[in-house]
Amino acid sequence: MSSPASRGSRSDVATVVISQKVRAGREDDYRRWQERTNETVRGFPGFEGTELYPPEATGENEWVVVFRFAHLDQLSTWLDSEARRALIEQGRDLFEEPPAQEVLVGGTPVHDSVTAVISHEVRPDQEQDFVRWQDRMLAAQRTFPGFMGSELFRPVQGVQGKWVAVFRFDNRPHLDDWLASAARTRLLDEGRAFFVSYDVRKVGSAFGSWFRFDTRAEEGAPPNWKQAMCVLLALYPTVKVLNLTVGSRFTAFGVPGYLSLFVSNVLSVAILTWLLLPLINRIFAFWLVPARARPLRTELAGAALVALCWATFLVLFAVTTG
């Protein structure tokens, strides 16, 4: 499997998107192989999550799997590891052809959308013209219903030379309308002067939510009781601190209770969504990430650790606020 990679500019988070054409009749074998792969990658430093996207249309056999790491060097360690090479060798006969992959560094995750990942092999000395052509492509995309954004990832020197464009629409029909449009066809004809080839892959969402580690309904999220424990762990200190700070200010200025409650809820949801729950997901990944089998001591240790955090907050606020 090759390792094309591209660099964004907004963070160090690295995501690899792997497209795999599974042989007909080998889907169950592939799922078991992918589960072994997922179990292995979870032991690597910096691992944040994985998601599997089965084919959406009847007759298609292309599966897409996404792995996220905190940093590019940690993702590279996984991609170049002996453990991964051994897994690829074990699964070689599951695929019609070698899987393709793109590594995206940085970027801005967006929820509730569909994403197209397009890799380009740009002609030598045509990079600037290619970037200007991508600007024209973006201008055309913006005129289509449902367009949510686009990002261009440059190659990573020393890894490989492909450029990757990622764009999002609010649903699959709007994405397909753009991909099949006359405007895009015309722009592709113009762009062939700047790139040798390109590959298109569609992903069913934009990679993630509060507790989504995989897209399979039965394995994509932790059990409800674990989610409830973690939400309470994040929610209690958030609400308490907001009451002591923002809430007291609202009371002092005579803000009506219904309005102060609404603003406090908005702040709580924002803090949980973009700060505390992603942090908790990372810290408790050993316990939250779904698995078919996990030792009982691990289940008990995770629950006990969350309960210990509850007790710590209770003691802390009891001492500081009475």
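This briefing covers selected residues, a helix pair, the cysteines and the salt bridges of the structure above. The model is a predicted one, and the values given here are computed from its atoms. Among its features are a count of 13 salt bridges, a count of 0 disulfides, and a pair of helices, α4 and α6, that are roughly antiparallel to each other.

**Two residues in contrasting surroundings**

- Thr37 belongs to helix α1, which spans residues 27–41, and with a relative accessibility of 5% Thr37 counts as buried, because the cut-off for that class is under 20%.
- Once the neighbours within four places in sequence are left aside, the residues in contact with Thr37 are Phe67, Trp78 and Leu87.
- Asp125, for its part, sits in the loop that runs between β6 (114–122) and α4 (127–141), and its relative accessibility of 72% makes Asp125 count as exposed.
- The backbone of Asp125 has a phi near 65°, which is a positive value in a residue other than glycine.
- As background to that value, most residues other than glycine have a negative phi.

**The pair of helices α4 and α6**

- The axis of α4 and that of helix α6 (residues 182–191) come within 11 Å of each other and cross at roughly 180°.
- Since angles over 145 degrees count as roughly antiparallel, the two helices α4 and α6 are therefore placed in that class.
- On the α4 side the contact is made by Trp133, Arg136, Met137 and Ala140, while on the α6 side it is made by Arg184, Leu187, Leu188, Glu190 and Gly191.
- Sorted by class, the residues in the contact of α4 with α6 comprise 5 nonpolar, 1 polar and 3 charged.

**Cysteines**

- A disulfide is a covalent bond between the sulfur atoms of two cysteines, and the count for this model comes to 0 disulfides.
- For Cys230, the closest cysteine sulfur is that of Cys309, at a distance of 9.3 Å, which is too far for a bond because a disulfide requires the two sulfur atoms to be within 2.5 Å.
- Cys309 is likewise in no disulfide, the nearest cysteine sulfur to it being that of Cys230, 9.3 Å away.

**Salt bridges**

- The count of salt bridges comes to 13, and one of them joins Glu39 to Arg42, with the closest N and O atoms 2.7 Å apart.
- Glu89 forms a salt bridge with Arg92, in which the closest N and O atoms are 2.9 Å apart, and Arg92 counts as partly exposed at 48% relative accessibility.
- Asp189 is paired with Arg192 in a salt bridge whose closest N and O atoms are 3.9 Å apart, a distance that still qualifies because the cut-off is 4 Å.
- Arg192 has a relative accessible area of 41% and is partly exposed.
- Salt bridges that share partners also link Arg26, Asp29, Arg32 and Asp93 into one network.

Technical notes:
Residues numbered from 1 in each chain as written. Predicted model: local features only at pLDDT ≥ 70, side-chain atom pairs only at ≥ 80, totals over all residues. Heavy atoms only, no water. Helix = DSSP H or I, 4+ residues; strand = E, 2+ residues; numbered from the N terminus. Buried < 20%, exposed > 50% of the residue type's maximum accessible area, 1.4 Å probe, protein only. Contact = heavy atoms within 4.5 Å. Axes fitted to C-alpha atoms, helices over the stretch in contact; angles between N-to-C directions. Parallel < 35°, antiparallel > 145°, perpendicular 65-115°, else oblique. Nonpolar A, V, L, I, M, F, W, Y, C, P; charged D, E, K, R; others polar. Salt bridge = Lys/Arg side-chain N within 4 Å of Asp/Glu carboxyl O.
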